[in-house]
Amino acid sequence: MLLFGVRRLLQSLPTVLAAALTVFVLFSVIPGSIATSMFDDGRGMDAEVMERIRKELRLDDPVHVRFANYVGKLAVLDLGVSFRSREPVAQLLAKRLWPTFQLVVAAMAFAIAIGVPLGFVAAMRPGGVIDAISMFGAVSGLSIAAFWFGLLMMYLFALKLGWFPTFGYGGWNNLVLPAVTLGVAPLALLARTTRAAVLDVVNADFVRTARSKGMSETRVVRWHVLRNVAVIVLTTLGLQFGALMGQAVVVEKLFSWPGVGSLLVDSVFQRDIPAVQGCILLIVLFFLVVNTLVDIAAALIDPRIKYG
Amino acid sequence: MRVGTNTVIGGTLFAIAILVGILAPWIAHTDPVMDANLMLAEEPPGREFWFGTDAQGRDIYSRVVHGARISLTVGVVAQLLNSMIGTALGLSAGYFGGWWDDFVTGLTNLMLAIPSLIFALAIMAILGPGLTSLLVALGLTNWSFTCRLARASALSLKSQGYVQASRVLGYGDIRIMITQILPNMLGPLIVIATLGMGGTILAEAALSFLGLGVRPPYPSWGSMLSEARDQITTAPWLSVFPGLAIFLTVLGLNLLGDGLRDILDPQSRSRRA
């Protein structure tokens, strides 16, 4: 199993390298040079200082040499130094990782806890009232702009009712509004996916066979339906993780949550290129690790998925 | 072919949004940018100002109506770009196979690993805010699902008899792809494009909300919400109407996409609401 996980992670290595190349190329074609972007905040640009920076950052080297240097540094987790705070980017990211992790896990937990049972209930009586209402709710959840939903929740639950703080980072009550805001789209998607998966599985031949053998309904659901549905739901979660990370950027900004997403947005505005590159790479890595974990979990649940 | 409720409701909502965008100069009460009047700042919704006014005294209704133009333009144009890129790459990869297929598959996996909103954010960081930047950023970053679908369809369609027959007749590769394979995969591609357009409108709103989209004072639904956030305590209605406009338009597109899928793939009807 460990070997399977390591192999899956190694298979992701080309994607990580390609992402590093994309991020590098993207910011190598930036209008003006990196050296000028360091001074975009209106401070005067001394030609001598510019020249020194160009030399320090080795900006006059050919692009392929710079990329080789960049990858070499990445291998030892050296993501460069932030143009603004002068702190190593790896250190900046390390500080922001935990809040983002908390937010994403809480949002996922909320989405799974409500979305999966909702999909199950809807699938029990397809075409019924509960099915219609929950599926309309699900399509609405997929259509709502997360930050608008967050704003409305902020107004109602923080400003009017005073149940939760409007924004900021701290205890669990700070986490509720951002997590629910971020979790609403995956909740909607999970409800739809679970419903579709349950409907597919309950009509499958192996479920009919299990029932005809006289297996109790509880065992049919636990051994045949749940396991098959879990694999589909897990895979959906893994693939949607990227979209969730994208939305996390907006939600973090809305609730002033000090995570990787808000660091990314701030760095974009400050044209802090090393920080932007670091954030994007971390998010890609996060996505790949989550999908590897999903693959391992799927292989554990479904014996048809081979470890090899 | 039975046109379902989803298609009718979704199509109607989207048609209304398009009509509002087209007729904006005629149905708006005031100029969305120029007609500011501080004496009328933060008026709540009423008979004179249906959706209220903002901190500069501009009519929110007129700004929402004009905002439809920007949001829908970005949604339609960016999604067209995505569909064209995804279809061209996926169709050619599935048809030719070999190293090109490997390259496109790798590229698609990469695009799936970098969240499209994050990728768009990085492009906006380079190009700077503005409508053109938005179109480029959102039009180049969300084609991976279209590409996967087009590739899978091309793989199965290229061995069909009519494709073989056209090859025997001496058709070139490009002609076979465009006249024989593409028309037969259009249905699912249209569904993906419809659903994708909703996603693009949400992404535009998100980027504008972050301050990277259309620059104020020009109204886009996302940037209006960005301005509204600061006044949520004094004028909460500012947050309601632009968000509702986004919600109803995207809901229309999602219902339309689901409805079209039910029509094109009747087997899927039982699996979804």
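In the predicted model, Phe14(B) touches Thr249(B), Gly252(B), Leu253(B) and Leu256(B), when residues up to four places away in sequence are left out. Here two residues touch, or are in contact, if their C-beta atoms, placed from the backbone, lie within 7 Å. Phe14(B) sits in helix α1 (residues 5-27) of chain B; helices (H or I, at least four residues) and strands (E, at least two) are DSSP runs, numbered from the N terminus. Phe14(B) is buried because 25 other C-beta atoms lie within 10 Å. A residue counts as buried with 20 or more other C-beta atoms within 10 Å of its own, as exposed with 12 or fewer, and as partly exposed in between. Phe14(B) and Phe247(B) are separated by 233 residues in sequence, and their C-alpha atoms are 11 Å apart in space.

Residues are numbered from 1 along each chain as its sequence is written, while chains are lettered from A and ligands numbered from 1 in the order in which they are written. As this is a predicted model, local features need pLDDT of at least 70 and side-chain atom pairs count only at pLDDT 80 or more, whereas totals for chains, interfaces and linings use all residues.

Chain B has ten helices and zero strands. The C-alpha trace of chain B spans about 75 × 45 × 30 Å along its principal axes. Of the 273 residues in chain B, 49% are buried. Among contacts in chain B with a separation of 6 or more, 70% join residues 24 or more positions apart.

Helix α4 (residues 116-127) of chain B has twelve residues, which at 1.5 Å a residue should span 16 Å; the end C-alpha atoms are 16 Å apart, which agrees. The expected span is 1.5 Å times one less than the number of residues. Ten of the twelve residues of α4(B) are buried, and the helix is mostly covered. Among these buried residues are Ile118(B), Phe119(B), Leu121(B) and Met124(B). The buried residues of α4(B) pack against α2, α11, α12 and α13 of chain A, together with α5 (131-139) and α8 of chain B. Just after α4(B), Gly128(B) takes a positive phi of about 85 degrees.

Chain A has 13 helices and zero strands. The C-alpha atoms of chain A fill a box of roughly 85 × 55 × 30 Å, taken along the principal axes. In chain A, buried residues make up 37% of the 308 residues. Residues 24 or more positions apart account for 73% of the contacts in chain A with a separation of 6 or more.

Within chain A, the axes of helix α6 (residues 89-124) and α12(A) come within 7 Å and cross at roughly 130 degrees. Axes are lines fitted to C-alpha atoms, for helices over the stretch in contact, and angles run from 0 to 180 degrees between N-to-C directions. The two helices, α6(A) and α12(A), are therefore oblique to each other; angles under 35 degrees count as roughly parallel, over 145 as roughly antiparallel, 65 to 115 as roughly perpendicular and the rest as oblique. Leu92(A), Leu93(A), Arg96(A), Leu97(A) and Thr100(A) in α6(A) meet Val260(A), Gly261(A) and Leu263(A) in α12(A). By class, this contact has five nonpolar, two polar and one charged residues. Ala, Val, Leu, Ile, Met, Phe, Trp, Tyr, Cys and Pro count as nonpolar, Asp, Glu, Lys and Arg as charged, and the others, Gly among them, as polar.

Ser256(A) lies in the loop between α11 and α12 of chain A. Ser256(A) is not a glycine, yet has a positive phi of about 50 degrees. Most residues other than glycine have a negative phi. Ser256(A) counts as partly exposed because it has 13 C-beta neighbours inside 10 Å.

Between the chains, 45 residues of chain A are in contact with 38 residues of chain B. On the side of chain A that touches chain B, α7(A) gives the most, with eight residues. By class, that side of chain A has 34 nonpolar, six polar and five charged residues.

The largest nonpolar core has 151 residues, and those with the most contacts inside it are Phe147(A), Leu121(B) and Ala206(B). Helix α8 (residues 173-209) of chain B gives the most to this core, with 17 residues. A nonpolar core is a set of buried Ala, Val, Leu, Ile, Met, Phe, Trp, Tyr and Cys residues joined through C-beta atoms within 7 Å. Residues up to four places away in sequence aside, Phe147(A) touches Val250(A), Val251(A), Leu254(A), Ala206(B), Phe209(B) and Leu225(B).
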